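Subject: Structure handover

Hi,

Here is the structure for you to look over. My notes follow below it.

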Amino acid sequence: MWGMYWRYLVAISLILIFVAFLSEHLNLLDMVNDSGLLPTFFWFIIAVFFISITFFQNKGLPYVFLGGRLHLPDKAWSRFNLLTIYLFLGLAIIGYFVNQLASKEVWSFYKLFGQSLCLLLLPLLSSWSVVRRVKNITNCLSGTK
């Protein structure tokens with residue numbers, strides 16, 4: 001679980017820096033007129049980036065960072081990658097609705113606390129779920145409980 005999680009942290013740290021660098025040099029965020037929608041657009045760019053990496057490495061970006069050393073099945077990595085993509089798409093969608101429907105105070109609390117907690121806790125829960133599922137399947141196949 002912790003191996004998947006720290007690989008996610010390394011991957012997302014590098015992706016955040018890379019997307020910030022790209023958006024600064026390509027002026028990607030200048031396409032958005034409403035500054036409240038900037039985080040939505042930013043998370044959507046990261047989700048698209050994770051999706052595009054999946055075309056080249058079906059196990060996902062966290063696997064690239066020495067993921068083979070964990071000896072987890074390909075399906076576990078693919079599932080973790082899919083959950084990570086859903087996380088960023090979810091952040092983009094939730095950010096849009098919070099921006100459109102909530103007050104500025106709620107929006108600022110969501111940006112400050114909600115997104116940060118989602119980025120730290122949901123991948124941890126995802127990796128725990130994926131590893132637990134792999135262990136259950138392995139135990140069932142081997143006949144142990």
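Start with Val 32. Val 32 is buried, at 17% relative accessible area. Buried means under 20% relative accessible area, exposed means over 50%, and partly exposed lies in between (1.4 Å probe, protein chains only). Val 32 sits in the loop between H1 and H2. Leaving aside neighbours within four places in sequence, Val 32 is in contact with Leu 37, Leu 38 and Phe 41. Contact here means heavy atoms within 4.5 Å.

A word on the source. This is a predicted model, in which local features need pLDDT of at least 70 and side-chain atom pairs count only at pLDDT 80 or more, while totals for chains, interfaces and linings use all residues. Residues are numbered from 1 along each chain as its sequence is written, and side-chain values use heavy atoms, with hydrogens and water left out.

The overall picture

The protein chain has five helices and zero strands. Along the sequence the pattern reads α-α-α-α-α. Helices (H or I, at least four residues) and strands (E, at least two) are DSSP runs, numbered from the N terminus. The C-alpha atoms fill a box of roughly 55 × 30 × 20 Å, taken along the principal axes. Of the 145 residues in the chain, 37% are buried. Take the contacts between residues at least 6 apart in sequence: 74% of them join residues at least 24 apart.

Helix H1

H1 covers residues 2-26. H1 has 25 residues and reaches 35 Å from its first C-alpha to its last, close to the 36 Å expected. The expected span is 1.5 Å times one less than the number of residues. The buried residues of H1 include Gly 3, Met 4, Tyr 8, Ile 12, Ile 15 and Val 19. Arg 7 is also one of the buried residues of H1. Asn 27 follows H1 and has a positive phi, near 55 degrees.

Helix H2

H2 covers residues 38-56, which is 19 residues. H2 reaches 28 Å from its first C-alpha to its last, close to the expected 27 Å. Its buried residues are Pro 39, Thr 40, Phe 42, Trp 43, Ile 45, Ile 46, Ala 47, Phe 50 and Ile 53.

How H4 packs

H4 covers residues 74-101. How do H1 and H4 pack? Their angle is about 45 degrees and their axes are 12 Å apart. Axes are lines fitted to C-alpha atoms, for helices over the stretch in contact, and angles run from 0 to 180 degrees between N-to-C directions. H1 and H4 are therefore oblique to each other. Angles under 35 degrees count as roughly parallel, over 145 as roughly antiparallel, 65 to 115 as roughly perpendicular, and the rest as oblique. The crossing of H1 and H4 is right-handed. A crossing is right-handed if the near helix is turned clockwise from the far one by less than a right angle, and left-handed if anticlockwise. On the H1 side the contact is made by Met 4, Arg 7, Tyr 8 and Ile 12. On the H4 side it is made by Ala 76, Trp 77, Phe 80, Thr 84, Leu 87 and Phe 88. By class, that gives eight nonpolar, one polar and one charged. Ala, Val, Leu, Ile, Met, Phe, Trp, Tyr, Cys and Pro count as nonpolar, Asp, Glu, Lys and Arg as charged, and the others, Gly among them, as polar.

Now H2 against H4. Their axes come within 8 Å and cross at roughly 160 degrees. That makes H2 roughly antiparallel to H4. H2 passes H4 in a left-handed crossing. Residues of H2 in the contact include Trp 43, Phe 44, Ala 47 and Phe 50. From H4, Thr 84, Phe 88, Leu 91 and Gly 95 are among them. The contact has 12 nonpolar, five polar and no charged residues.

- Gln 115 is in H5 (residues 104-142). At 7% relative accessibility, Gln 115 counts as buried. Beyond four places in sequence, Gln 115 is in contact with Pro 39, Trp 43, Leu 91 and Tyr 110.
- Gln 100 lies in H4. Gln 100 is partly exposed, at 41% relative accessibility. Not counting residues up to four places away, Gln 100 touches Asp 34 and Leu 37.
- Ser 78 lies in H4. Ser 78 is partly exposed, at 27% relative accessibility. With the same exclusion of residues up to four places away, Ser 78 touches Asn 58 and Lys 59.

Best wishes
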